[in-house]
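This report describes one protein chain, from its overall build down to single residues. The sequence and the model come first.

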Amino acid sequence: MNTNPTPTNQFRRIISTSTNDAVRLIDDARLYLSGLHDSGLASGVDFNTFQLVIDEVISNAIVHGNQNNPEKKIALKIIPLPNNLIITVKDEGPGFSPNHLQDPRGNQNLCKPGGRGLFILRNLAQVSWNDLGNCITVRL
């Protein structure tokens with residue numbers, strides 16, 4: 001992998017829906033961010049925030065999007081910018097409507113699984129989805 005990224009040197013990977021592939025993908029993405037920082041790009045992106053975001057979007061794509069189906073793929077793209085990054089993850093799932101998610105802080109939702117990761121993402125970064133809801137874009 002090239003460790004001297006430029007705005008035209010995007011990180012792109014397509015993986016199967018498996019934990020092993022996801023771990024390798026996340027490790028590669030972390031190395032990519034280190035290379036960006038070494039090159040003076042994405043200087044405003046905190047490494048820990050990046051790690052949390054990448055873990056969450058990949059996990060959501062595997063579990064909620066592709067429902068752990070190893071036949072389905074996940075695509076990750078990272079576009080470097082001088083001070084930040086644009087991260088896009090697309091799965092092959094049916095999608096969802098992010099506007100219908102309930103606030104996980106509500107009393108009726110405190111013990112429910114799910115919803116917290118997207119809540120955290122929305123508070124860390126600019127987040128949007130395609131119309132189908134199977135592709136998330138995060139600007140860090």
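## Overall build

Of the chain's 140 residues, 41% count as buried, where buried means under 20% relative accessible area, exposed over 50% and partly exposed in between (1.4 Å probe, protein chains only). The model is a predicted one, in which local features need pLDDT of at least 70 and side-chain atom pairs count only at pLDDT 80 or more, while totals for chains, interfaces and linings use all residues. Residues are numbered from 1 along each chain as its sequence is written, and side-chain values use heavy atoms, with hydrogens and water left out.

Three helices and five strands make up the secondary structure of the chain; helices (H or I, at least four residues) and strands (E, at least two) are DSSP runs, numbered from the N terminus. Their order from the N terminus is β-α-α-β-β-α-β-β.

The C-alpha trace spans about 45 × 35 × 25 Å along its principal axes.

Among contacts in the chain with a separation of 6 or more, 61% are accounted for by residues 24 or more positions apart; contact means heavy atoms within 4.5 Å. The accessible surface comes to about 7900 Å², and carbon and sulfur atoms hold 50% of that area. Such areas come from the Shrake-Rupley method with a 1.4 Å probe; for residues, only the protein chains shown count as cover.

## Helix H3

Helix H3 covers residues 116–124, and its residues Gly-117, Leu-118 and Leu-121 are buried. Seen down the axis of H3, these buried residues fall within an arc of 95°, so they line one face of the helix. The arc is that of the directions from the helix axis to the C-beta atoms. An α-helix has 3.6 residues a turn, so residues three or four places apart point the same way. Helix H2 (47–65), strand E4 (126–129) and strand E5 (135–139) are what the buried residues of H3 pack against.

## Residues in loops and strands

| Residue | Relative accessible area | State |
|---|---|---|
| Ala-42 | 0% | buried |
| Gln-67 | 56% | exposed |
| Asn-84 | 18% | buried |
| Thr-88 | 16% | buried |
| Asn-99 | 69% | exposed |

Ala-42 sits in the loop between helix H1 (19–39) and H2. Its phi is near 55°, a positive value in a residue other than glycine. Gln-67, in the loop between H2 and E2, also has a positive phi, of about 50°, although it is not a glycine. Most residues other than glycine have a negative phi.

Asn-84 belongs to the loop between strand E2 (73–80) and strand E3 (85–91). Leaving aside neighbours within four places in sequence, Asn-84 is in contact with Ala-42, Val-45, Ile-79, Arg-139 and Leu-140. Thr-88 is in strand E3. With neighbours within four places in sequence again left aside, the contacts of Thr-88 are Ala-75, Leu-76, Lys-77, Cys-135, Ile-136 and Thr-137.

Asn-99 is placed in the loop between E3 and H3. Asn-99 lies eleven residues from Leu-110 in sequence, and the two are 19 Å apart in space, C-alpha to C-alpha.
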